[in-house]
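The sequence and the structure are shown first.

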Amino acid sequence: MRAQFVLSEIGVGLRRNLTMTFAVIVSVALSLALFGGSLLMREQVGTMKGYWYDKVNVSIYLCNKNDAETQPACARGAVTEDQKKQIRADLEKMPIVQNVQFETTDEAYKHYKEQFGKSPIASFLTPDQMQESFRVKLRDPAKYQVVSSAFAQRAGVQEVEDQRKTLEPLLNLLNGMNIAALGVMALMLVVALMLIVNTVRVSAFSRRRETGIMRLVGASSFYIQIPFIMEAAFAGLLGAGFACVLLVGGQYFLVNNWLVHQIDVIQFIGWDAVLAKLPLVLAIGLLMPALAAFVALWRYLKV
């Protein structure tokens, strides 16, 4: 009987404040979708770092005959065979080095044509203008400075380059987008909480006579307040459900059916990461409005 009464009161409250309830559902859905999206974006950035940092190399570019006049580091002339052998031997002795690959000028020219073949400069380049280099795979990419300090001033070495630098702008951009999404999410969350509090206050005011009678006949404060709390929780749960739909739809349509085919150099997160976030989104959507309603009732419901 009590459960039936509580459920009937929830239905009455939702019908009386249908417009505000709809606003609560929409604001909760958008804020939680942004929250879930921010968590997924953070995980995506972490996945990209692990994937690309494991693949990037330290490149040691060697001097060629054309660099002697243009590059101060190559003032002593082009690299010799003995210098190349000594550099490789010293690299292979370092504990932090996993493997070393030597790239000839012909291989460098081929790779350049593959990547920048449409560039106007590509048509004027010849293999002898390219640089030989060592591609060094480190066990820990963060220890690039160890290799740089050991070989940057070597005779025959033009430059030591850490390929992670080319990834940093992209990763910083993604982190900035993640922070922006968190900021918008926080703003939407504040709006949702304000709507929940106002909805509960309006609902409590419209039923002040009924709650007063219930108090007079001996009903406890919790029994009087539970319909209002459950109304807010129900609206929040609906909003969380829509947020889950947005996250699943974003993964299916945006990532799996578009980005994966457009960008094949990024390892995107899979369904396991998305599905792991859905229970958290639902839990927040249920508990956050209930807690906000409880605080609003505690302060404003006078029976």
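Does K84 count as buried or exposed? At 11% relative accessibility, K84 counts as buried, because the cut-off for that class is under 20%. The model discussed here is a predicted one.

## Overall architecture

The chain has 303 residues, and 40% of them count as buried. Its secondary structure amounts to nine helices and four strands. Along the sequence these elements are arranged in the pattern α-α-β-α-β-α-β-α-β-α-α-α-α.

Contacts between residues at least 6 apart in sequence join, in 82% of cases, residues at least 24 apart.

## Helix 3 and the setting of K84

K84 is part of helix 3. The buried residues of helix 3 are K84, I87, D90 and L91. Viewed down the axis of helix 3, these buried residues fall within an arc of 135°, so they line one face of the helix. The other side of helix 3 carries the exposed residues E81, D82, K85 and K93.

Which elements do the buried residues of helix 3 pack against? They pack against strand 1, strand 2, strand 3, helix 5 and strand 4 (157–162). For K84 itself, when residues up to four places away in sequence are not counted, the residues touched are L62, V79, F102, E132 and F134. Two of these residues, F102 and F134, return below as an aromatic pair.

## Helix 5

Helix 5 comprises residues 144–151, and its buried residues are Y144, V147, S148 and F151. Seen down the axis of helix 5, the buried residues fall within an arc of 100°, so they line one face of the helix. Q145 and S149 are exposed on the other side of helix 5.

Helix 5 is also one of the elements against which the buried residues of helix 3 pack.

## The disulfide and its loop

The structure holds one disulfide. C63 and C74 form this link, with their sulfur atoms 1.9 Å apart. The link of C63 and C74 is left-handed, with -80° about the S-S bond. Both cysteines are in the loop between strand 1 (58–62) and helix 3 (81–93), eleven residues apart. C63 and C74 are both buried. Another cysteine, C244, counts as buried at 10% relative accessibility.

A75 also lies in the loop between strand 1 and helix 3. In contrast to the buried C63 and C74, A75 is exposed, with a relative accessible area of 57%. The C-alpha atoms of A75 and A155 are separated by 9.2 Å, although these residues are 80 residues apart along the chain.

## Aromatic pairs

How many aromatic pairs does a search of the whole structure find? The search finds two. In one of them, the rings of F102 and F134 have their centres 5.1 Å apart and their planes at 55°, so the pair is tilted. F102 belongs to strand 2 (residues 97–103) and F134 to strand 3 (residues 133–138), so this pair ties together parts that are 32 residues apart in sequence. F102 is partly exposed, with a relative accessible area of 26%, whereas F134 counts as buried at 1% relative accessibility.

What is the geometry of the pair of Y252 and F253? Their ring centres are 4.8 Å apart and their planes lie at 90°, so the pair is edge-to-face. Y252 counts as partly exposed at 40% relative accessibility. F253 is exposed, with a relative accessible area of 57%.

## Summary

K84 is one of the buried residues of helix 3, and the residues it touches include F102 and F134. The buried residues of helix 3 pack against elements including strand 2, strand 3 and helix 5. The loop between strand 1 and helix 3 holds C63 and C74, which form a disulfide.

Methods. Residues numbered from 1 in each chain as written. Predicted model: local features only at pLDDT ≥ 70, side-chain atom pairs only at ≥ 80, totals over all residues. Heavy atoms only, no water. Helix = DSSP H or I, 4+ residues; strand = E, 2+ residues; numbered from the N terminus. Buried < 20%, exposed > 50% of the residue type's maximum accessible area, 1.4 Å probe, protein only. Contact = heavy atoms within 4.5 Å. Arc of directions from axis to C-beta. Disulfide = S-S within 2.5 Å. Phe/Tyr/Trp six-rings, centres within 6.5 Å; stacked < 30°, edge-to-face > 60°.
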